[in-house]
Amino acid sequence: MEEQLNTQPNESKSQVESVKENCSAPEQAPQNPASQAGTKTVDFPEEDNRPPRPFLYRYRGIILAVLAVVALAFPAGDLEIVPFLIFINIFIIAIYLRVKARCCIGEHSRGKAQDAPVLVTWGAYGRMRHPLYVSNMAIGVSLIVLHFGLSLFVLPFVAILLAIGFRLAKLDDRYLEKRYGDQWKLWAMHTPAFIPRVIHVPGPRRSGKEAILADMASWVSLALMVGLALFRKVDFLIWA
C-alpha cells in the first residue's frame with residue numbers, strides 16, 4: 001500500500017497520512033491480499049511440489065531391463081511343449097489384465113514425482129489393488145519360463161522379479177494411504193492386493209482400443225523383449 005501511495009505525487013500529505021492510519025487501524029478486519037494486489041497481476045509458473053519417488057520406483061524400468069538382459073545372457077532351455085504352453089497361457093492372461101487396468105487409469109507418469117490425482121477403485125481396481133503389477137509380474141514369469149524352460153534357473157529370476165513387484169506395490173500402498181487416508185483404508189479393507197475377487201465395481205473407463213494406444217510405449221518394449229527371447233531360443237536350437 002505504501003508503494004502505491006508513493007507513486008501518487010499529486011495527493012496531499014494529509015490524505016496519505018489518513019490512508020495509512022485507516023490501513024493500520026486495529027479494529028479493521030484484515031483485507032484480502034488479492035484485493036491489495038492492484039490492477040496488475042503477475043502469474044508465476046506453478047512449482048512441482050509432489051513428493052519424489054523412491055529409488056526403486058524411479059528406476060524400476062531400468063532395473064527390470066537389467067534383469068532381463070542378465071537372464072537372456074544365460075543359455076536358453078530346450079523348446080518343450082509344456083513350458084511353451086505355460087508361457088502362452090500366462091502371457092495372454094497378463095495382457096488381458098493389463099488392458100483392463102489401463103481402461104480405468106490415465107496416462108503413464110514417468111517423472112521424478114509420485115502422484116495419483118484420483119483414487120481408482122472400480123473396474124480392474126475394484127477386483128484387486130495392483131492389477132498392473134500383477135500383469136507385469138505375470139508377463140515377466142512367462143518370459144522367464146519361455147527362455148529357461150522348466151529348469152532351476154527359473155527360480156532365482158522369478159524370486160527377484162516377484163520381490164521387486166511386491167515392493168513396488170507396497171510403496172504404492174504407502175503413498176495412497178498417506179494421500180487418501182480413510183478412503184484408501186476402506187478400499188484396501190475390501191479389495192485384495194493381488195488375488196482378484198469376483199465382485200464387479202462399475203465406474204468410468206475408456207475402450208480397449210484407447211487403452212492400448214495410451215500404453216503404446218509399453219507394448220513396444222514388450223514386443224522387443226519377446227522378440228529377443230525368441231531370437232535367443234532359435235539361436236540356441238540352431239547351435240545346439
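Student: Which residues does L176 touch, not counting residues up to four places away in sequence?
Tutor: L176 touches A116, L119, G181, W184 and W187 on that count, where a contact means heavy atoms within 4.5 Å. Before we go on: this is a predicted model, with residues numbered from 1 along each chain as its sequence is written. Local features need pLDDT of at least 70, side-chain atom pairs count only at pLDDT 80 or more, totals for chains, interfaces and linings use all residues, and side-chain values use heavy atoms, with hydrogens and water left out.

Student: Which residues of the largest nonpolar core touch the most other members?
Tutor: Of its 15 residues, those are L119, Y125, L176, Y180, W184 and W187. A nonpolar core here is a set of buried Ala, Val, Leu, Ile, Met, Phe, Trp, Tyr and Cys residues joined through side-chain atoms within 4.5 Å. Buried means under 20% relative accessible area, exposed over 50%, and partly exposed in between, with a 1.4 Å probe and protein chains only.

Student: And which elements give two or more residues to this core?
Tutor: They are α6 (124-127), α8 (154-180) and α9 (182-190). Helices are DSSP runs of H or I with at least four residues, numbered from the N terminus. Apart from this core lies another, of 14 residues, among them V99, L143, L146 and V226.

Student: Let's stay with α9. Which of its residues are buried?
Tutor: W184, W187 and A188. Seen down the axis of α9, these buried residues fall within an arc of 95°, so they line one face of the helix. The arc is that of the directions from the helix axis to the C-beta atoms.

Student: What do they pack against?
Tutor: The buried residues of α9 pack against α6 and α8. The face turned away from that buried side carries the exposed residues D182, L186 and M189.

Student: New topic: how many aromatic pairs are there?
Tutor: The count comes to 9 aromatic pairs. Rings of Phe, Tyr and Trp (its six-membered ring) pair if their centres lie within 6.5 Å; planes under 30 degrees apart count as stacked, over 60 as edge-to-face and the rest as tilted. F55 and Y59 form a tilted pair, 4.9 Å centre to centre with 45° between the planes.

Student: Is F55 buried or exposed?
Tutor: F55 counts as exposed because its relative accessibility is 54%. Y59, at 34%, counts as partly exposed.

Student: How about F148 and F153, what sort of pair do they form?
Tutor: A stacked one, with 5.5 Å centre to centre and 20° between the planes. F148 is buried at 4% relative accessibility, while F153 is partly exposed at 40%. Ring pairs also link F74, F148, F153 and F157 into a cluster.

Student: One more topic. Where is L97 found?
Tutor: L97 is in helix α5 (residues 81-102). L97 counts as buried because its relative accessible area is 18%.

Student: Which residues does L97 touch, leaving out those up to four places away in sequence?
Tutor: M128, P131, V134 and S135. L97 and S135 are 38 residues apart in sequence, yet 6.1 Å apart in space, C-alpha to C-alpha.
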